[in-house]
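Q: Could you walk me through this model, one feature at a time? I'd like the general idea and then the case at hand.

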Amino acid sequence: MPTTHSPLEDLRVLDLTDARGDLCGRLLGDLGADVLRIEAPVGAGSRTLPPFGPDGTSLHFAYRNTNKRSAVLDITTPAGRAELLDLVSRADVLVESFRPGALADLGLGPDVLLERNPDLVMASLTYFGQTGPDRDLVATDDVVVGLSGWLALSGVPEKPPLLPPGSLASDTLGVLGAYAVTLGLLQVLRGGGGQHLDVSALEALAQMNTWGLPNSSHTLARGSLPQMVRSGDSPMYPTIACADGHVRQVVMAPGQWRALWEWMGSPDAFADEYWESFFNRLSNLDVLNQLFEEHWSGLPMLEGCREAQSRGIVATPMLSPADILTDGHFAARGSFRRSEVAPGIEAPVMAGLWEVDGERVGYRFRAPAIGEHEADFNGRRFMESADRVRPLDGVQASDPTHAPGLPLRGLRVADFGHGGVGVECGRMLAEYGADVVKVESHAYPDFIRIFLGSEMTPSFASSSRTKRCLGLDLKHEGAGEVLEHLVGWADVIIENNSIGTMADLGLGWEALHAMNPRLVMVSSQLMGSRGPLADWIGYGPTIQTVGGLSWLWAFDDGDGPPGSNAIHPDHLAGRICALGALAAMIGRERGCPGAHVEVAQVEALMGTLGDLFLGESLTPGSARPEGNDSPTGAPWGVFRCAGEETWCVLCVRNDEDWENLRGAMGSPGWMEDSALETTAGRLLARDRVNAGVSSWTAGKTPREVQDICQAAGVPAGRLMHPVDQLEDPHLEQRGFLVGMDQPGLGRVVLEGACITGSGMAAPVIRPAPFIGEHTRRFCVEDLGMHPDRVEELISAGAMEAVDEPAT
C-alpha cells in the first residue's frame, strides 16, 4: 500500500528511455514505482557513456538507473513487439526517448498503445518535441544547451562560450518527464483517461534560462538591446578570491549592506545612506569590488563564509566534488549513502532529492545488469489499487461531449514563495490548472517583483503568471484569522523562506497539519532544514559554489570559473518541488494523509552531478573542469563561426559521426590521417582535431554549419541568444513563444509550456498579479469571509487590496 514516503507504490512503469531522460524513471522509482527498463539485446546505449568506474562500468548509467529492473526485448522483431504490447496492457506508464515517429514506424505508436491500454500514461521525452521543423535534428545534450539560450552568456569574451558540466539537458528532461507523468496520473485518477505526453528538452531548458525570453523581449520593446555578449558572473553575484580559495558574495538588501559595511570596519567613505541602494552600488562596482577583494584577501574561505552568514551576509564557499564528499554538513544530512550502485560497485550515491515527513526518499536498490530480471510485473496494479477519486470537473471521460481539461483543475495552492524556487514551483502548478494564490504584501514583497524599482518585472511576470494575489501582512496581528481560513482552503502550501520563518508565523508543519490533516506542504531551503549549515541564506548562484557546479564549470587551464549570469538551480529546484507536491497529492488521493515535502536546493543541484560524485569517490581527482571538451569524443565543443561573436556547437560521438563529418567538410587532407579513424585516436589528438574543425567553421555562419552537419547526420547547432529565440520558427510553431500584455510592463513574450498532452487542454498563461489584486474577492468568495470583516482587516492594515469592495 502507498505511504507518504512511497506515494507511487504499485505504479508499473515501462522505461524505454536511452541516453536522454533516463533520470525520469529513476525519480519515479525513488517515489516507489516499479520501473522495468526495457533494453535491446546489446544493452542500453547509456551503458557506454562516461564517466566510468575502475572496471569500465558506466557511472552515468548506474546513477540514473538505480531503483529500476532490466529486461531484454528486441522490439524490432514481431515476437518482441508482441511481448511489449502484452506488458503495455498491464502497465500504468510508459516513458520513451526514441526519435519522433520511430515507435510508430514499428507499429507501436501512441494510438496503438492507448488502444491496447486506454488508461496508459505515455510520455515521449525528446530533445525538440514531437512536432515542429526541428523535431528531427540530431543532437547531444551540449547541442541542445547551445540552442536553448543558456550558452550565450556563459563565460567571458576572452574565451569561447562555456558549456555547463554534466548532462544538463538530459537530466532536466528527466525531471520534467517525471512531472509530466504525475500530471497524467492525476488526470487518470480523476476520470480523464490516459494520453500521450510530449516533453521537449529544448523548451524545458529555455524555461529555465534565468527568464531570458521575457527580459529580452521587454528590453527590445523599450527600444534597447539586451546584453548579447557574455561577461562572466552577474554583477549581483560576484566571485571573490580569498586567502585559500574563492567565495561568492551577494549583497542585495539594505540590511545586508549595513552588516557588510560594519564587518569591513565601517569605512567612512561608504557611511552615507546612498550606498544602501542596490542600484547605487551596482553603478559603482569598480570601486566596491576592489573594496570587497581587499576585505576577503586575508580571510580563509570556510571561516570567512561562516562569519559572513552569522552576520546575515550571503557568502558561500567554492567547493570541489572532493570537498563535498567529505563535508560535515552533507554528512550530517545523509546527502550521500554508501551503497551498491551497480553489480559489484559500492560508493557514495546521492541519497535522494526529497525528504518527506523528515525521512529521505530516494535510493532503494542498485542499477541492474542487462536482462537481470523477467519482463513482467508482480503484485497489484496501481490503477487497480487506486480509487478514482472524482471525475474531472464532474464530467465522465466517457462523455463524448467532454473537451480535454487541465489535470490540476480544482487544486488549491497557497504560494508563500519568493525569489526563484517557490514561485517557480507555483508557476508549474498554475500552468496546468491549479488555482495558485500568491501571499504577499508591500511590507514584505517578493524581491524579484521590485528589484528594478517598480512593482512588476519581466522575471516576476514569468514566474507568477496565472496566479492570483492575496495582499496579507503575515506579521500583522490580524493576519492569523485570514491564515486560518487560508490553511483550511488549501490543498498545497509552498514556501522557501529562511529556516524557522514559517514556524515563527505559526505556520510550521506541525501547526498546519493539525489545522488541515490533508494538506501537502512543500518547503525548500538553501542547504536544507537540518545540518550544521541549515541556517545559511543565499540565492541560486550561491548554490552553484557550495554545490560543486562552479568549480566544475571552468576551462581546464587553471584560471578558475569564468562565470555565468545563470541563477541555476532555482528553476530546477522549483520543478523538483512541483514534482514532489504532485507525488504527495497522488498519495493523498490514494488514502495517505497530507505530507511535508522538503527539497534542499543545494541537493537539487548536486543531484544532476551524481555520476561525477561517484567517479570522484572511486577515482579521486577524476571530477575536474573539462571546459568544452568531452570524454565521449572529439571533435567536440564550441567553435567560432564567420562574423563577430558567432558560434556553433558541434559534437562527434563516434566513428560514424567522424566519417560523416569528414564527407561534409570535403575530406580535407588532415582528416585522412589513419590515427584519427578511432575515437581513442581523436581524443589523443583533440587539440589538432578541434583546430582543424575550427578553421572550417570560421568560414561559415552558425546556421550554415548546423545545416551542413545535420544533412550529414552529425550533431551540431547554432548558439542562440534569447533574442534569436524570439524569432525561431520551431519555437513559434510549437506555441512556445507566448506574447502577452502584462500590466505594469506592456507587451512581453513569456516562455510557454514544455509539456503538452493529447488528453489535456493547452496550459493556462495569464498576466501576473499586483499585490492585493484579488484580496477582496478571494477572501469573500473562496475563503467565505464576511465582506464587512474583510474591510475591517484592510482598514487595520492586516490586508491590502486593489480590487473593488465585495457587494
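Predicted model: local features only at pLDDT ≥ 70, side-chain atom pairs only at ≥ 80, totals over all residues.

Q: Where is W211 found?
A: Helices are DSSP runs of H or I with at least four residues and strands are runs of E with at least two, numbered from the N terminus. W211 is in the loop between α8 (201-207) and α9 (212-221). Residues are numbered from 1 along each chain as its sequence is written, and side-chain values use heavy atoms, with hydrogens and water left out.

Q: Is W211 buried or exposed?
A: Buried means under 20% relative accessible area, exposed means over 50%, and partly exposed is in between (1.4 Å probe, protein chains only). W211 has a relative accessible area of 6%, so it is buried.

Q: What should I look for in the backbone torsions?
A: Most residues other than glycine have a negative phi, and most peptide bonds are trans. You'll find N67 in the loop between α2 and β3 (68-72), and at 0% relative accessibility it counts as buried.

Q: Which peptide bond is cis, with omega near 5°?
A: That's the one from P50 to P51, and P51 lies in the loop between β2 (34-39) and α2. Another cis bond joins H568 and P569, with omega about 15°; P569 is in the loop between α24 and α25.

Q: How do I read the packing of two helices, say α7 and α25?
A: Start with the axes, which are lines fitted to C-alpha atoms over the stretch in contact, with angles from 0 to 180 degrees between N-to-C directions. Helix α7 (residues 168-189) and helix α25 (residues 570-589) have axes that come within 9 Å and cross at roughly 25°. Angles under 35 degrees count as roughly parallel, over 145 as roughly antiparallel, 65 to 115 as roughly perpendicular and the rest as oblique, and α7 and α25 are therefore roughly parallel to each other. Handedness comes next: a crossing is left-handed if the near helix is turned anticlockwise from the far one by less than a right angle, and right-handed if clockwise. The crossing of α7 and α25 is left-handed.

Q: Which residues make the contact of α7 with α25?
A: Contact means heavy atoms within 4.5 Å. On the α7 side they include V175, L176 and Y179, and on the α25 side L572, R575 and I576 are among them. Sorting by type, Ala, Val, Leu, Ile, Met, Phe, Trp, Tyr, Cys and Pro count as nonpolar, Asp, Glu, Lys and Arg as charged, and the others, Gly among them, as polar. The contact of α7 with α25 divides into 14 nonpolar, one polar and two charged residues.

Q: In what order do the nine strands of the open sheet come?
A: Two strands pair if DSSP finds at least two bridges between them. The order is β13-β12-β19-β18-β17-β14-β15-β16-β26, and the pairing is mixed. β13 (359-361) and β26 are the edges, each with a single partner strand, so one side of each has no neighbour in the sheet.

Q: How does β16 sit among its partners?
A: β15 and β16 pair in the parallel sense over four bridges, while two bridges join β16 to strand β26 (residues 799-800) in antiparallel fashion. Residue by residue, V439 has L470 as its bridge partner in β16, and L472 stands opposite M799 in β26. Five of the five residues of β16 (residues 468-472) are buried, so the strand is largely enclosed by the rest of the structure. R468, L470 and L472 point one way from β16, and C469 and G471 the other way.

Q: What lies across β15, β16 and β26?
A: Helix α34 (residues 775-782) does, running at about 95° to β16. It also packs with helix α35 (residues 787-796) at an angle of about 145°, the axes being 10 Å apart, and the crossing of α34 and α35 is right-handed.
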